[in-house]
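Open the model in your viewer and keep the selection panel at hand. This tour says what to select at each stop and what is there.

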Amino acid sequence: MIESGADVWVADPTLWIHVFAGVLALAAGLGAMVTKKGGRRHNAAGKAYAIAMAVVVVTAVPLAIWTANWFLLAIAVFSGYLVFGGYRVIARRRAGLTGPTLIDYSGHGSMVAVGGLMIVFGGWQTVTGPPGLAPALAVFGGIGAGFAVFSLLEFRSPPDERTPWINWHLGFMGGAYIATVTATITVNLTMVPPLIRWLGPTVLGVPLIIYASRMYPPRFAPAA
């Protein structure tokens, strides 16, 4: 709990910035989903979403530390990684990159490490009890680590044999938006059982990402 006057003075504006950025991320993410992919409005909404999420993640770190909410910290890292992954797909495509860079190794490698810890601690708490939100922590850790491992393995394949870039972009950004919605529901719909709040958006959102991944690739050329 935040008890000292100094902590309250610092945390209050940080919390308001965090909430405002979260609302902006929800609106911008929705805008990116409903606008034409690759169009000017889609690109603007996507950029606004990425910036808003960066603010959400940065402000979530001190809030998690001040409240000793390590679950919030882990989810913040998870969300930030997914936005990073989605951004890097576009950045690499525009730069014509076919091989991994230090940025790619650092970002994906960090998520492998953090995701592994989330799986271990979440799994251990689930087994030893009380489970609380531990199963959700393990699930999110597995999703993040899975994205990271497959991204690193993808770099080892010849460029013409890789998964279309649009699939990766949809997966990363779709996953990030699911995390954004999850955090919003968790904070505001406290009457709903915790595991439903944390895992419900994932259960509903993943099929939509799969559908989009099958619908859009024919419209875009695969990464070179």
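The expected span of a helix is 1.5 Å times one less than its number of residues. Helices here are DSSP runs (H or I, at least four residues), and strands (E, at least two) are DSSP runs too, numbered from the N terminus. This is a predicted model, where local features need pLDDT of at least 70, side-chain atom pairs count only at pLDDT 80 or more, and totals for chains, interfaces and linings use all residues. Residues are numbered from 1 along each chain as its sequence is written, and side-chain values use heavy atoms, with hydrogens and water left out.

**Stop 1: helix H3**

Select H3. It has 26 residues. From first C-alpha to last it reaches 37 Å, close to the 38 Å expected at 1.5 Å a residue. Step on to Gly96, which follows H3. The phi of Gly96 is positive, near 70°.

Now pick Tyr81, in helix H3. Is Tyr81 buried or exposed? Tyr81 has a relative accessible area of 5%, so it is buried. Buried means under 20% relative accessible area, exposed means over 50%, and partly exposed is in between (1.4 Å probe, protein chains only).

Show the contacts of Tyr81 next. A contact means heavy atoms within 4.5 Å. Leaving aside neighbours within four places in sequence, Tyr81 is in contact with Gly107, His108, Met111, Gly144, Phe147, Ala148, Ser151 and Phe172.

**Stop 2: the core**

Select Tyr49, Met118 and Phe140. Of the 35 residues in the largest nonpolar core, these touch the most other members. Helices H1 (5-34), H2 (40-66), H3 (70-95), H4 (102-128), H5 (134-154), H6 and H7 (194-215) each give two or more residues to this core. A nonpolar core is a set of buried Ala, Val, Leu, Ile, Met, Phe, Trp, Tyr and Cys residues joined through side-chain atoms within 4.5 Å.

Stay on Phe140. Not counting residues up to four places away in sequence, Phe140 touches Ile75, Phe78, Met118, Thr182, Trp198 and Thr202.

**Stop 3: Gly29**

Go to helix H1 and pick Gly29. Gly29 counts as buried because its relative accessibility is 5%. It touches Tyr49 and Tyr177, not counting residues up to four places away in sequence.

**Stop 4: helix H6**

Select residues 165-188, which make up H6. How many of the 24 residues of H6 are buried? The count is 17, and H6 is mostly covered. The end C-alpha atoms of H6 are 35 Å apart, which agrees with the 34 Å that its 24 residues should span at 1.5 Å a residue.

Pick Thr180 in H6. Its relative accessible area is 7%, so Thr180 is buried. Beyond neighbours within four places in sequence, Thr180 is in contact with Gly22, Ala25, Leu26, Tyr49 and Met53. Asn167 is 13 residues from Thr180 in sequence and 20 Å away in space, C-alpha to C-alpha.

**Stop 5: helix H7**

Select H7, with its 22 residues. It reaches 33 Å from its first C-alpha to its last, close to the 32 Å expected. Look at Gly200, where H7 bends by about 30°. The bend is the angle between axes fitted to the seven residues ending at a residue and the seven starting there. A proline, Pro201, follows within four residues.

The buried residues of H7 include Trp198, Thr202 and Ile209. Their cover includes H3, H5 and H6.

**Stop 6: a loop**

Move to Gly132, in the loop between H4 and H5. Gly132 counts as partly exposed because its relative accessibility is 48%. Its C-alpha is 29 Å from that of Ile210, 78 residues apart along the chain.
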